[in-house]
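Please consult the sequence and the structure while reading.

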Amino acid sequence: MLAVEHVWKRFRLGAFGRAEKVAVADVSFGLAPGEVLSIIGESGSGKSTIGRMVLRLLPVSEGRITVDGTDISSWRGGELKEYYRRVQGVFQDPFSTYNPVFRADRVFSMVRGQYFRRLPTAEWDTRVERALADVRLDPRQVLGKYPHQLSGGQLQRMLIARALLLEVQLLVADEIISMLDASTRIDVLNLLADLKAKGLGVLFVTHDLALGNYISERTMIMHLGRVVELGPTDRVLGNPQHPYSRRLVASVPRLDRKWSDEPDEGGHAPDGCPVHAAAAPESRALVEIEPGHLVGCFASPDAGCPAGAA
Ligand SMILES: Nc1ncnc2c1ncn2[C@@H]1O[C@H](COP(=O)(O)OP(=O)(O)OP(=O)(O)O)[C@@H](O)[C@H]1O
Ligand SMILES: [Mg+2]
């Protein structure tokens with residue numbers, strides 16, 4: 001359904017736009033209906049930038065993103081509106097989505113105004129109540145309130161409810177769990193699992209390996225804008241190959257171990273790049289080391305791959 005092909009994002013920095021920041025470098029992946037792909041990586045690794053490009057909130061600098069074979073950058077007006085009926089995002093910081101001078105439930109009435117004008121009010125109200133119930137919100141507690149009267153978790157769940165009112169096929173969920181308390185967290189995860197069973201595809205951006213492990217079939221690990229490892233979640237987290245993925249997996253605090261027992265991965269890449277030792281020189285492409293399990297270059301982007309240095 002979704003295909004991200006060799007996508008780059010470069011931000012211009014400074015008044016004259018000479019310097020640039022590469023936020024996303026040559027990223028490719030696909031997402032099938034009913035599949036959850038976790039995007040994991042430290043702060044600044046480019047995770048949200050990918051989500052924002054998929055949502056057409058940012059243009060890609062190079063490469064292309066397609067949905068069902070059509071390049072999303074070609075869509076305008078009505079086509080874009082149809083796109084947002086199927087593809088929705090929920091973000092880390094829900095406050096930024098709401099306008100403080102309007103009531104929070106305006107996010108619902110806007111959806112109605114755009115997509116469901118002909119629907120009778122009683123039917124619409126029933127749908128809103130059902131969507132709120134799905135995210136464990138009591139309509140009496142949230143409807144008619146201003147954003148400052150609601151908690152971050154409530155605002156975030158209202159955004160998930162808004163996505164449910166549309167016929168979403170793809171949800172970009174960017175750190176949506178971080179603002180929720182433990183019990184709501186389980187409810188929202190279970191809700192995602194139900195939706196997934198109905199064919200919803202989810203790009204699940206998270207810092208939390210345990211969450212990613214719980215919810216996703218496939219995991220993509222990013223470092224400095226590049227994909228360092230991508231594959232079935234049990235393989236990537238259970239048998240990580242790239243030094244960065246290994247460090248990430250090893251740094252998850254384990255209850256059964258003391259800090260001093262943590263394996264020391266050394267913290268830096270080895271001198272050579274075993275992944276690319278056998279690959280074509282200038283290629284920095286990911287290498288498939290077992291079915292569906294891809295591993296990226298071991299060298300840092302600045303150093304260049306020793307195997308490809310020629
Ligand atoms: N509009 C922008 N202009 C310039 N640089 C930007 C812009 N947006 C993002 N960046 C930079 O791009 C890089 C990737 O940012 P991004 O928000 O995608 O990271 P992230 O992986 O989502 O991090 P976090 O986990 O903190 O949310 C960062 O270095 C960030 O500073
Ligand atoms: Mg982010």
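## Surroundings of ligand 1

In this predicted model, ligand 1 is surrounded by 14 residues. The closest of these are Ser 43, Gly 44, Lys 47, Ser 48 and Thr 49. Sorted by class, the shell around the ligand consists of eight polar, three charged and three nonpolar residues.

## Polar contacts and burial

Oxygen atoms of ligand 1 take part in several polar contacts with the protein. A polar backbone atom of Gly 44 is 2.8 Å from an oxygen atom of the ligand. For Ser 45, a backbone N or O atom lies 3.1 Å from a ligand oxygen. His 207 contributes through its side chain, where a polar atom lies 3.1 Å from an oxygen atom of ligand 1.

Taken alone, ligand 1 exposes 640 Å², and the protein buries 65% of that area. Two or more residues of the shell come from each of the elements β1 (2-13), β2 (19-31) and α1 (47-54). The greatest contribution is that of α1, which gives three residues.

## The largest pocket

The largest pocket holds about 540 Å³ of space. Its lining comprises 25 residues, and those closest to the centre of the pocket are Gln 88, Thr 97, Val 107, Met 110 and Arg 162. The elements that supply two or more residues to this lining are α2 (77-86), β6 (87-90), α3 (106-115) and α6 (152-165). Among them, α3 gives the most, with six residues.

By class, the lining of the largest pocket divides into 16 nonpolar, five polar and four charged residues.

Key: Residues numbered from 1 in each chain as written. Chains lettered and ligands numbered in written order. Predicted model: local features only at pLDDT ≥ 70, side-chain atom pairs only at ≥ 80, totals over all residues. Heavy atoms only, no water. Near = heavy atom within 4 Å. Polar contact = N/O pair within 3.5 Å; in protein donor to acceptor, adjacent residues only side chain to side chain. Areas by Shrake-Rupley, 256 points an atom, 1.4 Å probe, with all protein chains shown as cover. Helix = DSSP H or I, 4+ residues; strand = E, 2+ residues; numbered from the N terminus. Nonpolar A, V, L, I, M, F, W, Y, C, P; charged D, E, K, R; others polar. 1 Å grid on protein atoms, 1.4 Å probe; cavity = no way out; pocket = protein on both sides within 12 Å on 5 of 7 lines; lining within 4 Å. Points joined across faces, edges and corners; volume = space filled by probe spheres on them.
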